[in-house]
Amino acid sequence: MLFNSLQFLIFFPLVTLLYFAVPHRYRWALLLTASCVFYMAFIPIYILILVVTILIDYWAGMYIEARSGRPRRVGLIVSIVSTCVTLFFFKYYDFFATNLSALGRLSGAGWTVPTLGLILPIGLSFHTFQSLSYVIEVYRGRQRAQRHLGIYALYVMFYPQLVAGPIERPQNLLHQFLEPHAFRYAQVRDGLRLMLWGLFKKVVVADRLSIYVSAVYGNLSHHGGRTLILATVMFAFQIYCDFSGYSDIALGAARVMGFTLMRNFDRPYFAKSVGEFWRRWHISLSTWFRDYVYVPLGGSRASWQRWCFNIMATFLISGLWHGANWTYLVWGGLNGLYQVGGRSTASLRLRIHERLGLTAWPRLRNVWCAGVTFALTCLAWVFFRAPSMHEALSALSRLGDLRAPLFTADAKELTYGVAGIALVLAMDYWTRGRSFEAALSEQPVAVRWSVYLGLIIAILAAGVFNASQFIYFQF
Amino acid sequence: MKRALLLLALLFVLDRLLGRVADFLYARTRDGDTGETINALLAKPHDVVVFGSSRAEAHYMPGIMAPVLSASVFNAGFKGSNILYDYGLEELLLDHYVPKVIIYDFSSFSVTKSHANPYDKLYPLYPFWRNAHVWELIAAGGYRATLPFLSRIYPYNSKFHSLLIFNVLQHRADAYQGFNGSSAVMADAPLDSLNYSERDYDPLLVEYLERFIELAQSRGARVLVVESPRRAYGSFPLPATVLALLRRTAVPVLDYPLSEHPEFQSFELYRDADHLNDSGARQFSAALARRLK
């Protein structure tokens, strides 16, 4: 079920009303049933994958907690391997099979590995990572194993964040299912505000931008530098509004029922370095990789070479997490290289800034750094968006061709898109790190109501209503 | 709670108010990029009306065809449309007047299956949702299609830009006859032909093609199916289902395979493999008008 569908418009109030109507001891069952219905609206049979993952990790959690030493580690390994095998089978098998077959052809060995052509279960990477974080936290002794199978299943399947995160940690979410949540007007209001803003970003901004971006990236060979630059900038905002819009709706839907999920975005395009960008973009995934990959590898408290290896490994895995394609791997690698390059050139850049007199103008320096970071991020987005490496490289090779005409076939989409981007950036600037609903709370009633009415009317007048999927669902 | 109800009431009033403004602006609009040409089509009777998608929109020049045919011609083609839209538009048109000839520019895309919901293509007709025939068609899309019509702004979704721009600029007069072409010349090699198999055709859309033809014939209009030129390798044989349907309904087919019409082989006449440019449209419109005469 998509957040931007009419089904959800009926499903959400119904589940929320029932949630507050039933006694606390039955609420987990209600939410679990609702989450199953939500998930089964996509491909019903795939719920079996979730059931298997849940059962294995539920068992692993209790097994690990009850033991010490080697058996404890064995329990962790069994859980991680089983979860990763599921992920590999559905998400990466065909990628490796195709590449092995290509290798066979190139080497002359002539072997071919058959592909399976399986449809990727929606949100697989999200709920498997959430399961993994539970088992790892139990192993590390930071989380008690959950003995109630239903509550544990709900932790993995909680519908607002089931298919595209935020990827929660058990310490933050699990205990919330055990606490009674009373109906509170303020939390319902805040949640609905956040949902409204998220829906606006998705259907008015992201889906409008996607029309232009798809027209260009669907026919990359037809377009020159100016069009490719414009489409890439638009894609940068499309993916931001799409994913942060989804996250806002998820956070808002959970908030209405009294749950607090972790914030997933913090004005990423205001970041002044790529490192900062990754502290502001998809925070729940970035911190997951930090806690479970980067730090265990040694993090930054290591030699220069080792740190380079740690950061590159983390970002390459992050790239692969996003999709089984070389383009995602290059996208991840490029983001890792940016960080290595950023740290290597820190003193050089400072000297350049001093020469240019930027250090005397901190605001100007911030704008400059944010601009450079945005440009680097956009360059990486080319790989993320292009359907293949060949097309990504072909697009990059034509970025400098500024003589080719700008593609303006649909001026309407461009107008709506640019207006939407301006509004989102203005809102990000205005909120200054606070959440949307918190910033809005401080405004007088006339401003708040104007914002509500303005957003609803904008959704009705300019929203794209054919319920397109969220980009991150494919991961 | 009181505040929430007040907000809802305010939203209701604002929605109705803006809906009225949009009704007013739309009724005055004769042109736009989201189907506002419908008003120009309905404003006065035309002898020949062309239906179809972007290929129709870009290939038939009423200004060229009208003098040859000694008849008024209107090009009602709309980019990206399918036969559901054409059928709804035909119902709307026949409620106003009956043209002598209806030309349907056949494009496989109009009747083939796609991932998108075919009923979504009806959106240019949304401002006419009060028309019983149009509403019947919208309602066939189920509650997902009808529920948003609780709002009076929604029928003008994505159209406000057109309503404002084309009301302020009025860059085409009432005499506008619907052609929307391009002067670009195709740069790339032509595409291979897309050979659809029978199972690629959507039975619902083929059924609506039949209804489209039968409705026009029952009201006394003559229907012609035209396959205008395209610059692609190979031929585009009409699917057997469609051919059988055209035979059954005695609808003549005028096609332009490049092997039989070398005058349409030059790349200079095309903006891409599927669409003629202005030069091509001028040449094709004249040729078709002579053939029709």
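This is a predicted model: local features need pLDDT of at least 70, side-chain atom pairs count only at pLDDT 80 or more; totals for chains, interfaces and linings use all residues.
Residues are numbered from 1 along each chain as its sequence is written, while chains are lettered from A and ligands numbered from 1 in the order in which they are written.

**The sheet of chain B**

Chain B holds 11 helices and 7 strands; helices (H or I, at least four residues) and strands (E, at least two) are DSSP runs, numbered from the N terminus. Five strands form an open sheet in the order S2-S1-S3-S4-S5 (chain B), with parallel pairing. Two strands pair if DSSP finds at least two bridges between them. At the edges stand strand S2 (73-75) and strand S5 (253-255) of chain B, each with a single partner strand, so one side of each has no neighbour in the sheet. From one strand to the next, the twist averages 20 degrees.

Here are the pairings, strand by strand.

| Strand pair | Bridges | Sense |
|---|---|---|
| S1(B) and S2(B) | 3 bridges | parallel |
| S1(B) and S3(B) | 4 bridges | parallel |
| S3(B) and S4(B) | 5 bridges | parallel |
| S4(B) and S5(B) | 3 bridges | parallel |

Val50(B) has Asn75(B) of S2(B) as its bridge partner, and Val48(B) stands opposite Val101(B) in S3(B). Further along, Ile103(B) is bridged to Leu224(B) in S4(B), and Glu227(B) stands opposite Asp255(B) in S5(B).

In a regular strand the side chains alternate between the two faces of the sheet. S1(B) is covered on both faces: Val48(B) and Val50(B) on one side, and Val49(B) and Phe51(B) on the other, are all buried. A residue counts as buried if 20 or more other C-beta atoms lie within 10 Å of its own, with C-beta atoms placed from the backbone. By that rule, 41% of the 293 residues of chain B are buried.

Helix H4 (residues 62-69) of chain B lies across strand S1 (48-51) and S2 of chain B, running at about 155 degrees to S2(B). Axes are lines fitted to C-alpha atoms, for helices over the stretch in contact, and angles run from 0 to 180 degrees between N-to-C directions. Two residues are in contact if their C-beta atoms, placed from the backbone, lie within 7 Å. Among contacts in chain B between residues at least 6 apart in sequence, 83% join residues at least 24 apart.

**Helix packing in chain A**

Over in chain A, H13 takes part in two helix pairs. Helix H12 (residues 304-322) of chain A packs against H13(A) at an angle of about 150 degrees, with the axes 7 Å apart. That makes H12(A) roughly antiparallel to H13(A), a label for angles over 145 degrees. H12(A) passes H13(A) in a right-handed crossing, where the near helix is turned clockwise from the far one by less than a right angle. Residues that meet here include Phe315(A) and Leu316(A) in H12(A) and Trp331(A) and Gly332(A) in H13(A). By class, this contact has 10 nonpolar, 8 polar and no charged residues. Ala, Val, Leu, Ile, Met, Phe, Trp, Tyr, Cys and Pro count as nonpolar, Asp, Glu, Lys and Arg as charged, and the others, Gly among them, as polar.

Helix H13 (residues 326-344) of chain A also packs with helix H15 (residues 362-385) of chain A, at about 160 degrees and with axes 7 Å apart. H13(A) is therefore roughly antiparallel to H15(A), and the crossing is right-handed. The contact includes Leu334(A) and Tyr338(A) of H13(A), along with Phe383(A) and Phe384(A) of H15(A). Its residues divide into 9 nonpolar, 2 polar and no charged.

**Where the chains meet**

Between the chains, 15 residues of chain A are in contact with 21 residues of chain B. On the side of chain A that touches chain B, helix H17 (411-431) and helix H19 (445-462) of chain A each supply at least two residues. The largest share, 8 residues, comes from H19(A). By class, this side of chain A has 10 nonpolar, 4 polar and 1 charged.

Note on methods: Angles under 35 degrees count as roughly parallel, over 145 as roughly antiparallel, 65 to 115 as roughly perpendicular and the rest as oblique. A residue is buried if 20 or more other C-beta atoms lie within 10 Å of its own, exposed if 12 or fewer, and partly exposed in between; C-beta atoms are placed from the backbone.
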